[in-house]
Amino acid sequence: MHDFRTSSVVVVDFGAQYAQLIARRVRELHVYSEIVSHDITYEELVELDPKGIILSGGPKSVNEPGAPRLDKRIFEMGVPMLGICYGAQLIASELGGIVEKNSKGEYGRVELAAEGHGILLSHSPLSQIVWMSHFDAISKAPSGFTVTASTASTPVAVMENPARGIYGVQYHPEVGHTEFGQQLLGNFLADAVGAEASWTSYSIIEDSLSSLRNRIGSERVICALSGGVDSSVAAALVHEAVGDQLVCVFVDTGLMRDGERETVEKTFRDQFKIELIVVDASQKFFSLLKDVTDPEEKRKIIGATFIRVFEDVAQEIEGAKYLVQGTLYPDVIESGTKTAAKIKSHHNVGGLPDDMNFELVEPLRLLFKDEVRAVGKELGLPEKIVWRQPFPGPGLAVRIVGDVTPERVEILRQADAIVQEEIENAGLTRSLWQSFAVLAAIKSVGVMGDERTYAYPIVLRAVTSHDAMTADWARLPYEVLESISSRVIAEVPGVNRVVYDITSKPPGTIEWE
């Protein structure tokens, strides 16, 4: 088995909005990366044995009392290090340079002027556009560092000390607006770290299969299968690893997309010959969700109920010890880490009950969505499943703002089916991260057929994104918006208005709840 972690890079998170993006950019260069908190100890970092360290940006000033720092011994480890924004300022501050408040901050696109290529700027122009977001700046580099680039307001925009293997950039190479940012990260990984480009879908599968077989042994396994790409890839991986020891369970919560149950049965039972149990628990879920409006409470109820349903099924499956779930890295990050505030509990992370009777197996826990799709393709899953848009584990319950009732779910399900059909007809499915309908449990006045109506609005949400950590609202063509609106109002009883959400993430989230 190939161990991709022998070329791993650790991203130290100082509370930056872009820390996850840095890790993803490194993985795009086929080098495994993982995120750790800035309060990691020297001993803990040594135990990880990284081949490279990247210090993220952060909201603080290094000159503030209580600003996050690192154990000084980490700078003496001899492991190649790249500081980005706050990370670069921390390097300068710790190693004898000077960081002070600029006369004015730099935000957005800025022209960088390089005096020489050095290691970080090799194979890129001496003049280029970079993305800045800072008020403090390095006014003097530490002794032994060469300043290779500056901007009009930042005298030390890039600094290098190849002898110590320590580098710093004031701007954000991980952001798409920086023209040659990926080149810079690639230069650091190849020329400073000497990392092997071994993180591929093949290596992920190879490592996962070995880990699954070692952990599961001869035990029987239940897989929570929803039909989405995450649970489908998780199921395919586990089936590849342990074969008939796997039993997939599809729980019909009554909160699924149109045709979900039929698609799952056709794909996994008929096509892949995987043992599949279908449980209709819709009445149970609706009963428990009655009069519940708080989204966190909805998620907790749904997560706990899922587990209880699985426990009931497990009693009929002799020796079922493990529960497989399609938890992804962004799920883990958003559910709260030491450096990431909890945005929302994902039903399969923060929503699990403490007294659960299964041991969890989460083979996708370290993967971003694009990596999951690549693994799915490598495993031979159908394109239709691999390229399915993300769907929340709690289903349509968290796309209804208000009480969850069978009537409202059916209205939303019909409206969402029209959205998916029109987006697909327009050839936009792959260019969007997600497109879906939301039902707000309020009513407004309308006019249909010369009669007054008092009905629900449907909110259309469509975003573009790379990893769901950030997202931009999609600029859908007017004719697509018109077609969706016309069809929803004409074909879905109980709806008289369609509105379009043009909020990006941040400040909004992709889902409404």
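Helices (H or I, at least four residues) and strands (E, at least two) are DSSP runs, numbered from the N terminus. The model is predicted: local features need pLDDT of at least 70 and side-chain atom pairs count only at pLDDT 80 or more, while totals for chains, interfaces and linings use all residues. Residues are numbered from 1 along each chain as its sequence is written, and side-chain values use heavy atoms, with hydrogens and water left out.

Two strands count as paired if DSSP finds at least two bridges between them. Val221 has Tyr322 of β13 as its bridge partner.

Now show strand β11, residues 246–252, which also pairs with β10 in the parallel sense, over four bridges. Here Ala224 stands opposite Val249. To follow the chain from β10 to β11, select helix α6 (residues 229–242); this β-α-β crossover is right-handed, that is, with the strands pointing away from the viewer, the path from the first strand over the helix to the second runs clockwise.

Turn to the cysteines. The structure holds zero disulfides (pairs of cysteine sulfur atoms within 2.5 Å). For Cys223, the nearest cysteine sulfur is that of Cys248, 4.5 Å away. Cys223 is buried, at 0% relative accessible area, and Cys85 counts as buried at 5%.

Salt bridges come next: the whole structure has 29 of them, each a side-chain nitrogen of Lys or Arg within 4 Å of a carboxyl oxygen of Asp or Glu. Select Glu94 and Lys72, whose side chains meet at 2.4 Å, N to O. Glu94 lies in helix α3 (residues 86–94) and Lys72 in the loop between β3 and β4, so the pair ties together parts 22 residues apart in sequence. Glu94 is buried at 15%, whereas Lys72 is exposed at 55%.

In helix α13 (residues 406–425), pick Glu410 and Arg413, three residues apart, about one turn of the helix. Their salt bridge spans 2.7 Å, N to O. Glu410 is partly exposed at 33%; Arg413 is buried at 17%. Then select Arg24, Arg25, Glu28 and Asp370, which salt bridges with shared partners join into one network.

Last, colour by pLDDT, the predictor's confidence in each residue, from 0 to 100. The chain averages 88, and 93% of the residues score at least 70. Over residues 336–352 pLDDT stays under 50.

Definitions and conventions
Buried means under 20% relative accessible area, exposed over 50%, partly exposed in between (1.4 Å probe, protein chains only). Contact means heavy atoms within 4.5 Å.
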